[in-house]
Amino acid sequence: ADLAAKMEWIIDGNYGGTLDIRTQRADTIIYLDIPTITCLGRVIKRVWAHHGKVRPDMPEGCKERFDLDFLHYVATYNLIRRKGLLKKLDELKSDKTIITIKNNSDIERVLSQFSNETIQKSSLKK
C-alpha cells in the first residue's frame with residue numbers, strides 16, 4: 001500500500017492479495033498472458049541452468065532449486081486464475097491502459113514503444 005501510494009512506481013508479480021491496491025492506483029497494467037507450456041519450459045530451463053546457484057537477478061543466498069509446488073502453481077495458473085484476471089482487466093479497461101503480452105514479439109514491441117516514449121519525454125525536458 002505504501003509503495004502504491006507513491007507518485008511513480010513499478011510493481012511486478014501476481015500476488016492476488018494486493019491486486020486491488022495495485023490496480024486501483026496504477027495508470028498502466030501489463031498482463032503477461034503467456035501460454036502455460038512456455039512458462040513451464042522457462043521454469044525448467046531456469047532450474048536446469050542455475051540449480052544450486054544464485055541467479056544473477058536474485059539476491060544473495062536465494063539459490064535456485066527444484067520446487068514441485070511451484071511447478072504445479074505454474075502448470076495450473078492459467079486454468080485457475082486466468083479467467084478471473086481477464087474479467088478484472090476488462091472491468092478496468094475504461095480507466096486504465098491495459099497492455100497484454102502473449103509472446104516474445106509483443107515483448108519487443110512494448111519495450112520498443114516504451115523506449116521511444118522515454119526518448120521523446122527526455123527530449124521535451126531539455
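The largest nonpolar core of this predicted model consists of 7 residues: Ala26, Ile29, Tyr31, Tyr77, Leu85, Leu89 and Leu92. A nonpolar core here is a set of buried Ala, Val, Leu, Ile, Met, Phe, Trp, Tyr and Cys residues joined through side-chain atoms within 4.5 Å. Buried means under 20% relative accessible area, exposed over 50%, and partly exposed in between (1.4 Å probe, protein chains only). β1 (28–32) and α3 (68–92) each contribute at least two residues to this core, and α3 gives the largest share, 4 residues.

**Basis of the model**

- Residue numbers start from 1 along each chain as its sequence is written, and side-chain values rest on heavy atoms, with hydrogens and water left out.
- Because the model is predicted, local features need pLDDT of at least 70 and side-chain atom pairs count only at pLDDT 80 or more, while totals for chains, interfaces and linings use all residues.
- The mean pLDDT (the predictor's confidence in each residue, from 0 to 100) of the chain is 89, and 93% of the residues score at least 70.

**Overall build**

- The chain contains 4 helices and 2 strands, in the order α-β-α-α-β-α from the N terminus.
- Helices (H or I, at least four residues) and strands (E, at least two) are DSSP runs, numbered from the N terminus.
- The C-alpha trace spans about 45 × 35 × 35 Å along its principal axes.
- Of the 126 residues, 21% count as buried.
- The accessible surface, from the Shrake-Rupley method with a 1.4 Å probe and with only the protein chains shown counting as cover for residues, is about 10,100 Å², and carbon and sulfur atoms account for 57% of that surface.
- Among contacts (heavy atoms within 4.5 Å) between residues at least 6 apart in sequence, 54% join residues at least 24 apart.

**Strands and core packing**

- β1 pairs with strand β2 (residues 97–101) in the parallel sense over 5 bridges; two strands pair if DSSP finds at least two bridges between them.
- In this pairing, Tyr31 stands opposite Thr100 of β2.
- The covered face of β1 carries Ile29 and Tyr31, and the uncovered face Thr28, Ile30 and Leu32.
- Both Ile29 and Tyr31 are in contact with Leu89, as is Ile98, when neighbours of Leu89 within four places in sequence are left aside.
- Another core, of 5 residues, lies apart from the largest one and includes Val43, Val47, Leu71 and Val74.
- In soluble globular proteins, nonpolar side chains tend to be buried together.

**Cysteines**

- The structure has 0 disulfides, a disulfide being a pair of cysteine sulfur atoms within 2.5 Å.
- Cys39 is in no disulfide, and the nearest cysteine sulfur, that of Cys62, is 19 Å away.
- Cys39 is partly exposed, with a relative accessible area of 27%.
- Cys62 is likewise in no disulfide and is partly exposed, with a relative accessible area of 33%.

**N-terminal segment**

- Met7 sits in the segment before α1 (19–25).
- Met7 is exposed, with a relative accessible area of 78%.
- Met7 and Arg25 are 18 residues apart along the chain, and their C-alpha atoms are separated by 9.3 Å.
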